[in-house]
Amino acid sequence: TDEFDWELFPKYAFNSGGSSLYVVSKGMKLDIELSSNIFCKFDGKSVRSLWVNSTSVSCIFPEQNSPSDVQFELLLEDISLFRTHLTVLQVPVLFDVFPKNAPRSGGTKLQILGTHFVRNYWKCSFAVNTWNNTEIIYMTGTFVSSTSLICLSPRTTFAISEFRLIFLDHNILSDGKLFHHWLPLREVLLEPTQIPVGTASTVTLSGSASWDANLWVKFGQQTA
């Protein structure tokens, strides 16, 4: 097997298990019948591979008690084809996003707070509901520390309905309440539109979305 080059990607997995790992051959052809005898071995735990195409197979990483590096080995029955090390990470946890609101013009720096963040491979996903479907916009996440990431909000015509933080194609959290756009003034209905001078009146604001932040309304020089 020395004449064949192999590559494992990604080189990270979560200790909770379930991460998909792909092994690519740069010389050996893999057919479906052959792949049924190929196993991935993680520090003694063997997992049967799944055929992807003529040059690659995939394996699902098994659950591990704690994060640590493990030895990965690709086996054809009892013949070792490839060995390397795999970094096992603790599952990151997302706590909050600040600010929670931003204009649709984009470019707002969003601070993402959590734990067990590592360098590289972060993406922020923003779901935008258009007239006919849902469009997904990805923005690259910048690592700041093990508890902080930065993403820029995208420029969109329609409002963002859901925010996702993604690491190595693994959804860390999906929650529409963590971040959304400001509701533009043109979408707000004010009732009544006229009130008598010198009287205290109740004014109702309504629209197609809600605010998670405090809302202040200014009447002339007075704020309520």
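This is a dialogue on how to read some features of a predicted model.

Trainee: What should I know before I start?

Mentor: Residues are numbered from 1 along each chain as its sequence is written, and side-chain values use heavy atoms, with hydrogens and water left out. As the model is predicted, local features need pLDDT of at least 70 and side-chain atom pairs count only at pLDDT 80 or more, while totals for chains, interfaces and linings use all residues.

Trainee: Which residues touch the most other members of the largest nonpolar core?

Mentor: In soluble globular proteins, nonpolar side chains tend to be buried together. A nonpolar core is a set of buried Ala, Val, Leu, Ile, Met, Phe, Trp, Tyr and Cys residues joined through side-chain atoms within 4.5 Å. Buried means under 20% relative accessible area, exposed means over 50%, and partly exposed is in between (1.4 Å probe, protein chains only). Here the largest core has 22 residues, and F42 and L74 touch the most other members. Two or more residues come from each of β1 (6-9), β3 (20-25), β4 (38-42), β7 (56-60), β8 (70-76) and β9 (79-89). Such strands are DSSP runs of E, at least two residues long, numbered from the N terminus. A second, separate core has 18 residues, including C124, I137, L149 and C151.

Trainee: What is F42 in contact with?

Mentor: Contact means heavy atoms within 4.5 Å. Leaving aside neighbours within four places in sequence, F42 is in contact with L21, V47, C59, I60, F61, P62, Q71, F72 and L86. F42 also forms one aromatic cluster with F61, F72 and F82.

Trainee: How do I read an aromatic pair, and how many does the structure hold?

Mentor: Rings of Phe, Tyr and Trp (its six-membered ring) pair if their centres lie within 6.5 Å; planes under 30 degrees apart count as stacked, over 60 as edge-to-face and the rest as tilted. The structure holds 6 aromatic pairs. In one of them, F9 and Y22 are stacked, with 5.7 Å centre to centre and 25 degrees between the planes. F9 lies in β1 and Y22 in β3, so this pair ties together parts that are 13 residues apart in sequence.

Trainee: How do β1 and β3 pair?

Mentor: Two strands pair if DSSP finds at least two bridges between them. β1 and β3 pair in the antiparallel sense over 4 bridges, and F9 stands opposite Y22. F9 counts as partly exposed because its relative accessibility is 39%.

Trainee: Where are the cis peptide bonds and the positive phi values?

Mentor: Most residues other than glycine have a negative phi, and most peptide bonds are trans. A cis bond joins F9 and P10, with omega about -10 degrees, and another joins F98 and P99, with omega about -5 degrees. P10 is in the loop between β1 and β2 (12-14). D43, in the loop between β4 and β5 (45-48), has a positive phi near 50 degrees. H116 has a positive phi of about 65 degrees.

Trainee: Which side chain does T134 join through a polar contact?

Mentor: A polar contact is a pair of N or O atoms within 3.5 Å; within protein, one must be able to donate a hydrogen and the other to accept it, and residues adjacent in sequence count only if both atoms are side-chain atoms. T134 lies in β14 (134-140), and its side chain joins that of N129 at 2.9 Å.
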